[in-house]
Amino acid sequence: MKRSSRLGLVAAAASLALALTACSGGAAAPTAGSGGSAADEPKTLTIWDYESDESAMGQAWAKAVEIFKAKHPDVTVKQEAQTFEQIQKNAKIVLTGDSVPDVMEYNKGNATAGQLAAQGLITPLTDAAKQYGWDTKLAGSLSTTAKYDDKGLMGSGEWYGVPNYGEFVGVYYNKDLFAKYNLQVPTTLAEFTAVMDAFKAKGVTPLATAGAEYPLGQLWYELVLANADRSFVDGYQLFKSDVDFHGTQLTAGTTALQDWISKGYIDKNVAALKAEDMGVSFIKGKYPMMVSGSWWFGRLATDMKADWGMFTFPGNKLHPGSSGNLWVIPTKAKAPTLAKEFIDITLSPEVQNVLAEKGGLPVAGDASVITDAKVKDLTTNFQSILDQDGLAFYPDWPVPGYYDVIVAQLQGLANGNKDVNATLDGLGKAYAEGKDDLLNG
Amino acid sequence: MTTTQAPTRRRRATWVPYLPYLIPGVIAFVVIIGYPLAMNVYYSLFRWKGGLAPMRFYGLGNYADLLADEAFWTSFRNSISMIIAMVIIPTLIGLVLAAVLFDYLGRRFGPRVASVLRATYYLPQILPVAVAGVVWNWILNAQDGAINVLLTGLGVADPPDWLGNPDLAMPSVMLVLIWVQVGYPVVIFMAALQRVDPELYEAAELDGAGWWDRLKAITLPQIRPETFVVALTCTVAALKVFAPVYVLTRGGPEGTTLVPSYYSFLNFFDKSKVGYGAAVATVLTIVIIVVAGVILGLQARSERREREGR
């Protein structure tokens, strides 16, 4: 009782704060058309984003604003910082009102940008994509998250968003431990398992992972992708064909993961560990390798004492990963033309190179401008994946709520309570239900 | 004002002038409880993804689906574990602790010591659940958690995976909940004991009653009303428990620590099945109302008996 009333109070305070900030955001937003002839070009460009100023994105976009201001000295640029939660929760409501930004950052994917697109809250950008050449700059798997059909499913239909940067999952490794045991960076799956066997023989568990959150699912997806091609990804992620959960790709991948578990490549008590536990134990040097995403890069760069590096998952042509968040233009934006121009500036070499130097994985950057060796490695790895059109998105993307299903099913596999068949049954059932819900619901 | 009115009118009007004073309460009730409750029931009749997505009428279909949903039944079965961990065990421990603090330690070492100890037991209730949960996560961490480091140090080769093993996760969560919960009955019971006439104890002591006899014959009957209050509030809290499960296990491993509130949340926000989540919430509300009604009924009966007995 005591606790619940306290929780209620906190919730009330939080919602009040949200409401207040939403109000002030709205009050500051009135854009364009203020003064001067109404038919003329608007005099204000309002930008909403939720990246911190210190992040690679924050610094790159500050550069973009600078360039934009130089080109349009008569336009006032209002850059308003939002929080991810605030935009995520309120976008659907705010964008139906009149105080909308001209261009805003939004999360990619069916459940987010896809919904706004399906509900007509953001503008199609297909013509602009052709006009500015975004469709050639952002080819293949990068543009998948930019396009949505009338149901809000990504991969086809009109362009609705433009990504600036990307992310991918690879293998971080502890160079000191590799040197200690005299091991080389593997380039094929066979070499990879040989390295892990070598560590295992010295009594070192080779891979850090975590079963209560995304890491184990991404490791599983890497192993599925080792046996898959683009048409499988199109089927699994975009529903272009039916996925057989007992087909070769998923069976081979899941069997491989079970094999890795039974061989002790990962610790057996990982089911309750969170991503943070994995990262911390890798940083401390307890494990020589960690399969995870580029979002760990900054953290490792500041926190890790041992020398470390990153390589792409050995042998894979496809990798978990995607474009980053999107620039979208609300349907009710008052300065859409200026907004499109701003988006184009964020894809210009100057801005993309700022992203590159800061480790922000630009979609159209030039790795040669990078001076930091680790950032260069990261970026060239990403470029090599892009060159092969190798982004395969994330395993939990296809249907809503699939994240928890993957976590629960793979916990069963890791704990040895489920065999490969039962795991695949569990994964397949939820997938089929979710897909049916999306397509017919 | 009423003195000038005729007696006949005055009788009718005794309660009417008070009505405006109810308005704030009624408004608050409607806005905070009535309207959301009604909307929740309404949503539970639809298939709906939330936001501006279309709502398709589904009748009682969501409830029919619930009957066949294994996760739903697991979550309600787990509510029984929650009641054990948040009501039964804390109440029993609380009774004993309160009696020991009040009757023994309080008298031996002075009320200061007793109130310091009482505050210590209550501390977990003051800590935000999120903070306590994170700390317990560290303690129970399978690889470098405090307990397992201790166990390995003592020579246990294969310490248990407290939150990761499906057989152990629920007992571990229950342990944390007992720790969180135990201070609440202690504080209530100690306050109740202040109210008990010390003469009863003195008389019993003169008659040669031991500590255990005094607990049974005086303490328990005297603080029965408080026991009902504790049982009621804790049972309601146990049925709708959310935060500890969210922080500790997210309903895992393998869905073994799923509870109704969290399952409803999962459907609302992660699966975007708003109608289905609303149906879970509605069922939970009904269960809570029924259980609370039963406890209140028992309390009323016990009070009646007590009055008749005297």
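Predicted model: local features only at pLDDT ≥ 70, side-chain atom pairs only at ≥ 80, totals over all residues.

Student: Where in the chain do the partners Asp242(A) and Lys435(A) lie?

Tutor: The side chains of Asp242(A) and Lys435(A) meet in a salt bridge at 2.8 Å, N to O. The pair links distant parts of the chain, 193 residues apart, with Asp242(A) in the loop between α11 (230-238) and α12 (248-262) of chain A and Lys435(A) in helix α19 of chain A; helices (H or I, at least four residues) and strands (E, at least two) are DSSP runs, numbered from the N terminus.

Student: Is Lys435(A) buried or exposed?

Tutor: Buried means under 20% relative accessible area, exposed over 50%, and partly exposed in between, with a 1.4 Å probe and protein chains only. Lys435(A), at 12%, counts as buried, whereas Asp242(A), at 69%, is exposed.

Student: Which residues of chain B meet in a salt bridge at 3.5 Å?

Tutor: Those are Arg107(B) and Glu205(B), which link distant parts of the chain, 98 residues apart, from helix α4 (residues 70-109) to helix α10 (residues 198-206) of chain B. Arg107(B) is partly exposed at 49% relative accessible area, and Glu205(B) is partly exposed at 36%. In chain A, salt bridges that share partners join Glu276(A), Arg299(A) and Asp303(A) into one network.

Student: How should I read the contact between chain A and chain B?

Tutor: The size of an interface is often given as the accessible area lost when the parts come together. Here buried area is the accessible area (1.4 Å probe) that two parts lose on being put together, summed over both, and chain A and chain B bury about 2900 Å² between them, 45% of it on carbon and sulfur atoms. With contact meaning heavy atoms within 4.5 Å, 34 residues from chain A and 40 residues from chain B take part. The rule finds 4 salt bridges across this interface, and Lys284(A) forms a salt bridge with Asp144(B), the closest N and O atoms being 3.2 Å apart. On the side of chain A that touches chain B, α1 (2-28), α18 (402-415) and α19 (420-440) each supply at least two residues, and the largest share, 5 residues, comes from α18(A).

Student: What can be said of the two domains of chain A?

Tutor: Domain bounds come from an automatic or database domain assignment, which divides chain A into domain 1 (17-165 + 324-365) and domain 2 (168-322 + 377-441). Their centres, taken over C-alpha atoms, are 31 Å apart, and the area buried between these domains is about 1500 Å², of which carbon and sulfur atoms give 68%. Ser141(A), Met154(A) and Leu361(A) supply 37% of the area that domain 1 buries against domain 2, more than any other three residues. Across this domain interface the rule finds 0 salt bridges.

Technical notes. Residues numbered from 1 in each chain as written. Chains lettered and ligands numbered in written order. Heavy atoms only, no water.
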